[in-house]
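User: Hello! I would like to learn how to read helix packing, salt bridges and surface patches in a model. Could you take me through them one at a time?

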Amino acid sequence: NGVTQDNTKSYTINISTPPVKCIDKYTALLHELGHILYQSPFTPIRKMLEKSKHYPLYFAIFNVLEDQRIESHLSENYIAYRQRFKKTTTALGKNMDESENINDPLYILLAIRFNQEKVVKHVKNFTHYKKALDDVKNTDSFGALRVFISIKKYIEESFVLGSNTVIQ
């Protein structure tokens, strides 16, 4: 995105080609337009996080929170989209890779977001990640950053604990 000579904003919207399985093009377009409409702050967040050795994970987690934020706004303001996003997230959940590390914070957040809570509900810090996805709904453009900061200690705890931490 940028500014043209006459001071109008221009945007480039990238829709996956070939399309991501389970996401029709119209839903993908709505989602990407939501990032523009609800002012996703990707550039400042990327600059802030890129110095971390955990940048790829941190940015991916921020993106999950940001996706939840913008889709909550779209679903609230355009009621017909609610079912469209629910259908898509549920389909994505059914296609999640079950060989992934179930204790990975990104996997946990995606499982919750994609209506697969049953897979991760016994994992340590599940309740914090679930709360994060609820807390980010309908927030302002920096809501996902604030929520990310609120769960950062649990993300970092996963580095220390390793991959075998499940609550019994």
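Predicted model: local features only at pLDDT ≥ 70, side-chain atom pairs only at ≥ 80, totals over all residues.

User: Which residues make the contact?

Analyst: From helix 1 come Leu30, His31, Gly34, His35 and Leu37. Helix 3 contributes Glu66, Asp67, Ile70, Glu71 and Leu74.

User: Now to charged pairs. How many salt bridges does the structure hold?

Analyst: The general idea is a side-chain nitrogen of Lys or Arg within 4 Å of a carboxyl oxygen of Asp or Glu. The structure holds nine of these salt bridges. One of them joins the side chains of Asp24 and Arg84, at 3.3 Å from N to O. This pair links distant parts of the chain, 60 residues apart: Asp24 is in the loop between strand 2 (9-10) and helix 1, while Arg84 is in helix 4 (residues 80-94).

User: Glu66 came up in the helix contact. Which residue does the side chain of Glu66 meet in a salt bridge?

Analyst: Its partner is Arg69, with an N to O distance of 2.7 Å. Arg69 and Glu66 are separated by about one helical turn, because they are three residues apart in helix 3.

User: Are Arg69 and Glu66 buried or exposed?

Analyst: Buried means under 20% relative accessible area. Arg69 has 1% and is therefore buried, and Glu66, at 0%, counts as buried too. In the other pair, Asp24 is partly exposed at 36%, as is Arg84 at 28%.

User: Lastly, the surface. Which residues form a nonpolar patch there?

Analyst: To find one, look for nonpolar side chains that are within 5 Å and belong to residues with over 30% relative accessible area. Tyr11, Ile13, Tyr26, Leu29 and Leu33 form such a patch, with about 410 Å² of accessible area together. Tyr26 lies in helix 1 (residues 25-37). Its relative accessible area is 42%, so Tyr26 is partly exposed.

Terms used: Residues numbered from 1 in each chain as written. Heavy atoms only, no water. Patch = residues over 30% accessible without salt bridge, like charges linked within 9 Å, V, L, I, M, F, W, Y side chains within 5 Å. Areas by Shrake-Rupley, 256 points an atom, 1.4 Å probe, with all protein chains shown as cover. Helix = DSSP H or I, 4+ residues; strand = E, 2+ residues; numbered from the N terminus. Buried < 20%, exposed > 50% of the residue type's maximum accessible area, 1.4 Å probe, protein only. Contact = heavy atoms within 4.5 Å.
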